[in-house]
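Open the model in your viewer and keep the selection tool at hand. Each stop says what to pick and what is there.

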Amino acid sequence: MSAEDVTSPLHAAHKHRFRNRPEAAHVTLHAHGFVGADGTCKVERGKLGTEVGVHPILGDDGKTACAGDVLLEALVGCAGVTLGQMATAMEIGLRKAAIRAEGDLDVRGLLGMSGQVPVGLQNIRLHFDVESDATEEQLPVLIRLTERYCIVSRTLKPPAAVTFSSSKPGS
């Protein structure tokens, strides 16, 4: 069974729309959070811990998070915690730190419409708005250290090897 066999019945209407208007298949997902004084990061998207479904571009009502949302929320959370830890290590007082993540998705890839369109987020961007007592020289170092030690970022770049397995309950 091919990817086309699996996705055709489920997404036929969307495939027709995206075939005729490829630009309509592009969506940018977003997540943002704030680093607290205690070094934690509050992710503001609000869907973490809820049900995961398909993105509204594929017909969902938007009440669930899509997997891309959850990935960006994890990245924002991890980067926020890491930023807080690095600021503490560098003895930089953070007054306020907001983090925004965006990731571009072309859903034609996950619909199996084209072998040239990748499945997954592309061009993930992370932006930090930092109010602190860091000097102009310290701030870029703080961001570089955050990038270096953020577990989620390091897992994505270079990609971690992921293996899939299955078992039957009771086996």
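Select cysteine 78. It is buried, because its relative accessibility of 16% falls under the 20% limit. Keep in mind that this is a predicted model.

Show both sulfurs. How far is the sulfur of cysteine 150 from the closest cysteine sulfur? The distance is 3.3 Å, and the partner is cysteine 78. A disulfide is a covalent bond between the sulfur atoms of two cysteines. The cut-off used here is 2.5 Å, so 3.3 Å is too far for a bond. Search the whole structure and the count of disulfides is zero. Cysteine 78, accordingly, is in no disulfide.

Next, select residues 151-156. This is helix H4, and serine 153 lies in it. Is serine 153 buried or exposed? Serine 153 is buried, at 15% relative accessible area. Look for its contacts beyond the neighbours within four places in sequence: they are Leu75 and Glu147.

Move on to residues 67-89, which form helix H2. Pick leucine 71 within this helix. Leucine 71 is partly exposed, with a relative accessible area of 30%.

Switch to a surface view.

Terms used. Residues numbered from 1 in each chain as written. Predicted model: local features only at pLDDT ≥ 70, side-chain atom pairs only at ≥ 80, totals over all residues. Heavy atoms only, no water. Helix = DSSP H or I, 4+ residues; strand = E, 2+ residues; numbered from the N terminus. Buried < 20%, exposed > 50% of the residue type's maximum accessible area, 1.4 Å probe, protein only. Contact = heavy atoms within 4.5 Å.
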